[in-house]
Amino acid sequence: MSEPQASLPRLMALFGSGETSPAMTSVHQDLIARVSHPDVNAIVIDTPFGFQENADELTARIIAYFREHVGSEIRVASLRHGGRATALEVEQFLSSIDGADYVFAGPGSPTYALHHWRDPGVRTRFIEKLTQGGCLTFASAAAIGLGAYALPVYEIYKVGDDPSWAEGLDVLGAIGVRCAVVPHYNNREGGTHDTRFCWMGEPRLRLLESMLPDDVVILGIDEYTACIIDIDTQAVTVRGAGGVTLRHWGMERRWEHETFRLSELQSAEQSPTSPHPALPQRGRGNDSPKEGILEPVRAWGASGRDAIARHDVDGLVAVILEMESVLHEWSSNVDGSDERARGRAEMRQLIVRLGEMVRRGAQAGMREQLEPLVGVLLTLRGEARRAQRFHEADRLREILAQCGVEVEDTPSGTGWSLAHR
């Protein structure tokens with residue numbers, strides 16, 4: 001077996017606040033340096049503040065901050081409203097996360113972000129940064145969403161809803177930290193009233209804590225503070241003005257300006273039935289057959305992207321054909337659907353890239369070059385329709401349409417044509 005390429009470090013950074021302040025600039029610089037090879041593909045996700053009227057202004061400020069202070073370019077991965085986004089826009093968003101070394105998300109509404117991150121591909125992409133390498137840097141509202149339980153801050157503090165928890169993405173659960181993330185842990189804005197614990201105050205926090213399962217802890221992060229988790233070394237470093245607090249049933253443990261073992265944050269050892277077991281360490285054996293299934297999926301994605309970079313349509317068709325063949329076998333041999341979903345996700349990304357090729361301008365004979373590839377995709381759509389998986393069939397047709405390929409269903413069969421561009 002050939003030696004794999006050197007992997008990026010696996011990092012996660014959670015900011016309590018101040019994520020684009022001068023105080024946190026050196027943290028961003030150090031994290032970006034660690035995932036650069038030598039350049040870095042950095043993105044900012046705009047979902048948490050996508051509902052705000054000044055969303056464009058906020059993204060411009062973040063881009064300017066990274067360019068002028070951090071010294072790095074960052075581009076926008078946009079998904080402001082999952083329900084209004086086209087299938088192509090969703091796939092482009094997921095593809096941006098896939099290709100990024102540094103993924104940043106910050107202020108806004110945690111419950112709004114979670115509502116529009118419910119596509120299972122989003123959580124999968126976030127977790128893959130912790131398995132395949134890269135850095136997730138989430139602050140305030142976005143950081144809240146990474147826990148098993150998410151705090152509906154605005155609904156409780158501004159609207160007056162009764163204290164409750166929302167379902168989080170539980171990305172931290174994938175590294176054995178079953179928690180609810182509470183940024184702004186040491187907030188003092190209230191002056192005469194208690195606004196600690198992300199504006200909840202002690203009485204409401206106690207009530208909220210009583211609603212959590214026994215194995216879930218509260219991970220509190222002070223303002224202008226970063227909690228940096230290095231999964232490879234199993235170490236947690238606290239940087240910035242404040243500290244990180246682990247709270248469980250009213251008992252607290254706190255760290256400031258120090259490094260400690262990740263095991264200090266992890267729950268009791270997870271049982272075999274735990275829905276999100278901790279990630280395996282690199283270099284350790286793994287007897288699960290699923291690992292062998294996922295490897296060709298990743299290889300296909302790499303081969304397809306390489307073929308596109310070389311404008312090798314035949315090579316791309318070969319990748320799609322191989323994916324279709326093996327995915328068909330998996331449909332009867334694999335118990336779960338996660339692996340098939342990942343394979344389909346890779347195929348959808350290749351379709352997105354096909355759309356980019358079409359938009360750049362059709363070359364002479366483009367239809368002849370694309371016919372084998374589109375034929376395979378239409379075959380997959382036909383199989384989905386015959387199996388009454390109509391949502392999947394409609395999604396394939398919509399993605400092809402967004403890519404400039406018009407599908408025509410007639411009594412004599414299905415045809416296609418390139419849309420006028």
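Author: The structure holds 23 salt bridges. A salt bridge here is a side-chain nitrogen of Lys or Arg within 4 Å of a carboxyl oxygen of Asp or Glu. This is a predicted model, in which local features need pLDDT of at least 70 and side-chain atom pairs count only at pLDDT 80 or more, while totals for chains, interfaces and linings use all residues. Residues are numbered from 1 along each chain as its sequence is written, and side-chain values use heavy atoms, with hydrogens and water left out.

Start with R67 and E73. They form a salt bridge, and their closest N and O atoms are 2.9 Å apart. R67 is partly exposed, at 44% relative accessibility. E73 is partly exposed too, at 47%. The cut-offs are these: buried means under 20% relative accessible area, exposed means over 50%, and partly exposed lies in between (1.4 Å probe, protein chains only).

Next come E91 and R395. Their salt bridge has its closest N and O atoms 2.7 Å apart. This pair links distant parts of the chain. E91 sits in helix α3 (residues 87-99), R395 in helix α14 (residues 390-402), and 304 residues separate them. Helices (H or I, at least four residues) and strands (E, at least two) are DSSP runs, numbered from the N terminus. E91 is buried, at a relative accessible area of 0%.

Now D409 and R385. Their side chains meet in a salt bridge at 3.4 Å, N to O. Here too, distant parts of the chain are linked. D409 belongs to strand β15 (residues 405-410) and R385 to helix α13 (residues 366-386), 24 residues apart. D409 has a relative accessible area of 35%, so it counts as partly exposed. R385 is partly exposed at 37%.

Some salt bridges share partners. In this way E202, R206, E209, R247 and E252 are joined into one network.

Finally, the setting. The protein has 14 helices and 16 strands. Of its 421 residues, 51% count as buried. A contact means heavy atoms within 4.5 Å. Among contacts between residues at least 6 apart in sequence, 70% join residues at least 24 apart. The protein exposes about 19600 Å², and carbon and sulfur atoms supply 49% of that area. Accessible areas come from the Shrake-Rupley method with a 1.4 Å probe; for residues, only the protein chains shown count as cover.
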